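Here is a short report on side-chain packing in one protein model. Please keep the sequence and structure open while reading.

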Amino acid sequence: MNRHLICMLLTGSLCAPLQAERLKNEPIQPIEPTHIDEPAKVELGKKLFFDPRLSRSGFISCNSCHNLSMGGSDNLPSSIGHKWQEGPINSPTVLNSSMNVAQFWDGRAATLQEQAGGPISNPMEMASTHVLALDVLRSIPQYRQEFASIYGSDQIDIKQVTDAIAAFEETLVTPNSRFDQWLKGDDNVLTQAELDGYQTFKDIGCTACHNGPAAGGTSFQRMGIVEPYVTKNPAEGRVAVTGKDADRFSFKVPTLRNVELTYPYFHDGAHWKLEEAVDLMARLQLGRKLPKEDIDNMTAFLKTLTGDQPDFRIPQLPPSNNATPIPVPFATE
């Protein structure tokens with residue numbers, strides 16, 4: 001009789017210490033389901049997240065680059081912005097982003113709220129302005145009513161807009177992965193290959209950077225410690241924020257949660273296969289040339305980090321009216 005069945009028969013009384021020990025000792029911790037304290041604000045933030053009228057073209061929304069049907073990313077090397085402009089860097093997933101030490105690859109936004117305002121006014125992304133975006137929202141009575149109900153005034157400002165978007169994004173966590181189930185005591189949920197991959201992941205040092213509930217996202221590290229990373233992407237990472245040469249080519253360590261969904265990989269989106277990413281990181285960051293079996297097992301383990309994806313009704317957006325600024329999708333200016 002296996003230990004999991006024994007635990008079930010004994011109602012967990014003898015297995016609780018084993019579970020507690022695993023939770024205490026493992027470098028990756030479970031993601032817990034979100035608890036929504038302000039449902040009206042979250043619902044408003046959801047509408048704003050999906051509303052393309054915050055962009056100048058009336059076509060691009062937050063969900064365009066952080067598609068919640070595709071792991072919270074867009075599965076492109078770099079995102080497509082206003083007038084089909086090519087973005088400068090790979091779009092990181094919005095899933096579990098509330099667990100990040102900062103937002104963007106270079107960490108230039110300290111919070112989700114600060115991040116939410118950037119793309120709206122970025123000429124390469126949504127290409128609007130905060131003034132124009134607010135004019136759109138203020139022209140729509142239903143939005144004014146929602147903001148008044150939540151914030152006490154229908155005089156909408158950008159802090160309220162980004163606060164609502166951030167409140168929604170904070171709910172985009174992905175608990176209940178198979179790995180989380182194993183962490184909580186289910187010894188039958190992972191295959192031997194997946195367990196071997198996790199052991200290799202720990203043995204070679206991956207958990208120095210990929211740890212905690214998000215399995216990453218909590219530090220900045222140089223890309224290419226043992227060997228240089230060869231890329232055509234001009235981004236130089238954290239140095240753009242700090243001005244310190246020591247931070248050149250240092251990027252926020254990405255979360256490994258849902259990593260099988262968030263291809264292509266790295267800040268330049270240059271590698272589409274997870275096996276390639278595993279091999280490359282082992283060589284460039286740790287100086288390890290892994291045999292194929294280890295790469296396959298680690299890849300199998302990483303796929304166990306895919307959790308329950310956000311599941312909700314797509315919001316019904318309030319209609320524009322005669323006072324709403326008209327989008328300009330084909331602007332020549």
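The report covers the nonpolar cores, the aromatic pairs, the charges over rings, one histidine and the cysteines.

## Nonpolar cores

This is a predicted model. Its largest nonpolar core has 33 residues. Within that core, F179, F201, F301 and L302 have the most contacts. At least two core residues come from each of helix 9 (178-183), helix 10, helix 12 (274-286) and helix 13. Helix 12 gives the most, with six residues.

F179 shows how the packing is built. Leaving out residues up to four places away in sequence, F179 touches I28, L190, Y198, F301, T304 and L305. Another core lies apart from the largest one. This other core has 28 residues, among them L48, V94, L137 and V161. In soluble globular proteins, nonpolar side chains tend to be buried together.

## Aromatic pairs and cluster

Across the whole structure, a search finds 15 aromatic pairs. One of these joins F168 and F312. The geometry is edge-to-face, with 5.6 Å centre to centre and 75° between the planes. F168 belongs to helix 8 (residues 158-169), while F312 lies in the segment after helix 13 (292-303). The pair therefore ties together parts that are 144 residues apart in sequence. F168 is buried, at 2% relative accessibility. F312 is partly exposed, at 27%.

F249 and F251 also pair. Their ring centres are 5.4 Å apart and their planes meet at 75°, so this pair is edge-to-face. Both partners are buried: F249 has a relative accessible area of 13%, and F251 has a relative accessibility of 4%. Elsewhere, F179, W182, Y198, F201 and F301 form one aromatic cluster. F179, F201 and F301 are also among the residues with the most contacts inside the largest core.

## Charges over rings

Two arginines sit over aromatic rings. The charged end of R22 lies over W182, 4.1 Å from the ring centre. W182 is also a member of the aromatic cluster. R108 lies over the face of F104, and here the distance to the ring centre is 3.7 Å.

H210 is placed in the loop between helix 10 (192-203) and strand 1 (220-222).

The side chain of H210 reaches the backbone oxygen of A215 at 3.0 Å. Neighbours within four places in sequence aside, H210 is in contact with I28, F201, A215, G216, V253, P254 and L256.

## Cysteines

How many disulfides does the structure hold? The count is zero. C62 shows why: its sulfur is 8.8 Å from the closest cysteine sulfur, in C65, and that is too far for a bond. The cut-off for a disulfide is 2.5 Å between the sulfur atoms. C209 is in no disulfide either, with the nearest cysteine sulfur, that of C206, 8.7 Å away.

Notes:
Residues numbered from 1 in each chain as written. Predicted model: local features only at pLDDT ≥ 70, side-chain atom pairs only at ≥ 80, totals over all residues. Heavy atoms only, no water. Helix = DSSP H or I, 4+ residues; strand = E, 2+ residues; numbered from the N terminus. Polar contact = N/O pair within 3.5 Å; in protein donor to acceptor, adjacent residues only side chain to side chain. Contact = heavy atoms within 4.5 Å. Phe/Tyr/Trp six-rings, centres within 6.5 Å; stacked < 30°, edge-to-face > 60°. Buried < 20%, exposed > 50% of the residue type's maximum accessible area, 1.4 Å probe, protein only. Lys NZ or Arg CZ within 6 Å of the ring centre and 35° of its normal. Core = buried A, V, L, I, M, F, W, Y, C linked by side-chain atoms within 4.5 Å.
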